[in-house]
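The entries follow the order of the look-ups.

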Amino acid sequence: MDKLLWRVLPLSTLLISFALFFYLHNSNNAELYPIIKLAEGECSLFPYDHYWISSKRILTSQGIISGSVEINEGKIASIVEGYGKQGSSVQQVIDYGDAFIMPGLIDVHVHLDEPGRTEWEGFVTGTRAAAAGGVTTVVDMPLNNHPTTVSKETLELKLEAAENKIYVDVGFWGGLIPENAQNTSILEGLLDAGVLGVKSFMCPSGINDFPMTTIEHIKEGLSVLAKYKRPLVVHSEIQQDSKSNLELKGNGDPHAYNTYLVTRPPSWEEAAIKELVDVTKDTRIGGTLEGAHVHIVHLSDSSASLDLIKEAKRRGDSISVETAPHYLTFSSEEIPDRDTRYKCSPPIRDALNKEKLWEAVLDGHIDLLSSDHSPTVPELKLLKEGDFLKAWGGISSLQFDLPVTWSSGKKHGLTLEQLSLLWSQKPATFAGLESKGAIAIGNHADIVVWQPEVEFDLDDDYPVFLKHPSLSAYMGRRLSGKVLDTFVRGNLVFKDGKHAPAACGVPILAK
């Protein structure tokens, strides 16, 4: 922080009135949920609602500039080129020097596990970790909380649990399960209540009250989603046990990562995506499912599965795909035996597969990135036993989205502009968040300030705000890209390892 210079005009005591504001959308877009906050003056570590931030490197919607951004009442009011040349309405100024300013990250695939499993994560720890990592908006998955978010009533429980606990803005996915696929009035009620879309599993989810869906359930769900113009996000694996895999499950060493890897081959992803792209042909303009959209989450297989998606895109299907940083960072060859921190599904595959995933990201075939932050408790991760076949699968990573992606990405030629496109602009468009994802006049002042060149060790001395830091596969690594400050709708919610006194993030619901 030595390079960080605060230049503030004479200080006067100002209390910030935390007012919620709305933005108007079509049916597939989202708006802020009207919860009145009582923590007046405690939402920000910088007690002004009208101020400027300056830097020699600011990524705006028009490119990287040297200049200043004016923030007024939570929104970006103006952008001025020329370092140190603020407009005539100068109030307070924060000068960040050489630090890089860009839109806050939007992570559309996060398991916060509340209500019901706060011992796994929770809104407070999860969103504090997000803020510390420059993530200003997350979209929470409908599992592994209990009860799962599969109806209007269970969404209301989620909203109640989130009140006064979220440090960043939070949207919500609902769940598509056989019950609400077959009784579409339940699904419509969930969508009317404001979920941004729905999630389904084409294989067992591991959560009893979130059963898997068949392609017939998915078709029923898409027929409803077409009317709402909201996406279906799909865990795309179909279990296909071959004789060799069944034998391996009985005879393979469960402490060896390769044992787990072979039991969940790329053919599982390919089988699911084959069924999906047979349906997405009807999402084309004029098709029976026009208005529906299929989004494939955490793609691991960079070969046949990716080829199917690319072909569906070429023919005009409404389909998109994301992958996660752990598939772009790790390879199966380097995963130590017994280290179940690396277990996830689909699994982390070999180094060649990783390189092909990076090629797809850089070529634009993979649309966006998300963490699939999937925490649990230490006893379910089985770190002492080291049993890959029995351990809970999931990578804990939310706080590290930015430095992990940048550390690996810069070695592959990823630019800062591409980084922001994958983590801010495209996720905002996908989730229908019109006023987020770019530093542009009129947008929410959701901003991360960070130092791409600074390296740090993710060790026990580094402040990690996840519920169970030791479960993350990233602990112990040296990373590039240190987050300094994070602003959410103009509130400085994180600075110097500290958070604002009050959790003033806002739930986001589709209307």
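I took helices (H or I, at least four residues) and strands (E, at least two) as DSSP runs, numbered from the N terminus. Just after helix 14, I found Gly432 with a positive phi of about 75°.

I note that the model is predicted, with local features requiring pLDDT of at least 70, side-chain atom pairs counting only at pLDDT 80 or more, and totals for chains, interfaces and linings using all residues. Residues are numbered from 1 along each chain as its sequence is written, and side-chain values use heavy atoms, with hydrogens and water left out.

**Helix 14.** I looked up the span of helix 14, residues 416–431: its 16 residues reach 22 Å from first C-alpha to last, close to the expected 22 Å. The expected span is 1.5 Å times one less than the number of residues. I then located a kink of about 40° in helix 14, centred on Leu422; the bend at a residue is the angle between axes fitted to the seven residues ending there and the seven starting there. Leu422 is among the buried residues of helix 14, which also include Trp423 and Pro427. Buried means under 20% relative accessible area, exposed over 50%, and partly exposed in between (1.4 Å probe, protein chains only).

**Cysteines.** I searched for disulfides, meaning pairs of cysteine sulfur atoms within 2.5 Å, and the count came to one. Cys43 and Cys504 form it, with sulfur atoms 2.1 Å apart. Cys43 lies in the loop between strand 2 and strand 3 and Cys504 in the loop between strand 20 and strand 21, so the pair ties together parts 461 residues apart in sequence. The link is left-handed, with -70° about the S-S bond. Both Cys43 and Cys504 are buried.
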